[in-house]
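Hi,

Here is the structure I promised to pass on.

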Amino acid sequence: MNRAPSLTLTLLLLGAGCQLPAERMPPRLLPEDGPPLPYAELLTRARLQATAATEAFYVNKWSDLDEAAAGLAQTARFLEKATDVPARHKDTLPIAAGDLGKDAAALREAAKAQDVKKAGEVLQRIHLKIRELRLEG
């Protein structure tokens with residue numbers, strides 16, 4: 001029995017499974033004069049931007065962290081005007097979006113100062129705020 005093709009196929013499949021994932025790109029900035037966007041879309045953007053910020057933080061890519069924080073600040077502004085806001089968030093959304101925007105500004109300051117401690121603290125607040133804004137209860 002010839003096992004060479006089977007072994008070759010196995011090694012090929014193992015090699016394909018060991019590739020590094022492609023680097024994620026945070027969403028591009030939105031046009032400032034654009035129409036209001038759905039809440040769910042903006043929440044997804046905020047999650048992606050917070051994740052990109054965390055990844056940049058872990059590898060000391062301060063300019064990428066600053067860029068992700070700038071995008072998050074913009075998303076917070078758009079959240080205030082979102083459409084299709086779930087009923088449970090309608091009354092609190094302006095405050096929550098304002099807090100998210102303030103934290104994004106604080107994260108930008110921490111990135112510019114390369115302040116690891118402050119950036120870590122602000123990222124934690126950002127992730128908790130986005131978690132509070134999730135669609136389901």
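Asp66 has a relative accessible area of 16%, so with the cut-off for buried at under 20%, this residue counts as buried. Please keep in mind that this is a predicted model. The side chain of Asp66 forms a salt bridge with that of Arg108, at 2.7 Å from N to O. The two sit in distant parts of the chain, 42 residues apart, with Asp66 in helix H3 and Arg108 in helix H5 (residues 93-113). Arg108 itself is partly exposed, at 28% relative accessibility.

Helix H3 covers residues 62-79 and spans 25 Å from its first C-alpha to its last, close to the expected 26 Å. Of its 18 residues, 13 are buried, so the helix is mostly covered.

What about helix H6 (residues 116-132)? Here Lys129 and Glu132, three residues apart or about one turn, meet in a salt bridge of 3.3 Å, N to O. Lys129 is buried at 15%, whereas Glu132 is partly exposed at 49%. Through shared partners, salt bridges join these two and Asp99 into one network.

In total, a search of the whole structure turns up six salt bridges.

Best wishes

Technical notes
Residues numbered from 1 in each chain as written. Predicted model: local features only at pLDDT ≥ 70, side-chain atom pairs only at ≥ 80, totals over all residues. Heavy atoms only, no water. Helix = DSSP H or I, 4+ residues; strand = E, 2+ residues; numbered from the N terminus. Expected span 1.5 Å × (residues − 1). Buried < 20%, exposed > 50% of the residue type's maximum accessible area, 1.4 Å probe, protein only. Salt bridge = Lys/Arg side-chain N within 4 Å of Asp/Glu carboxyl O.
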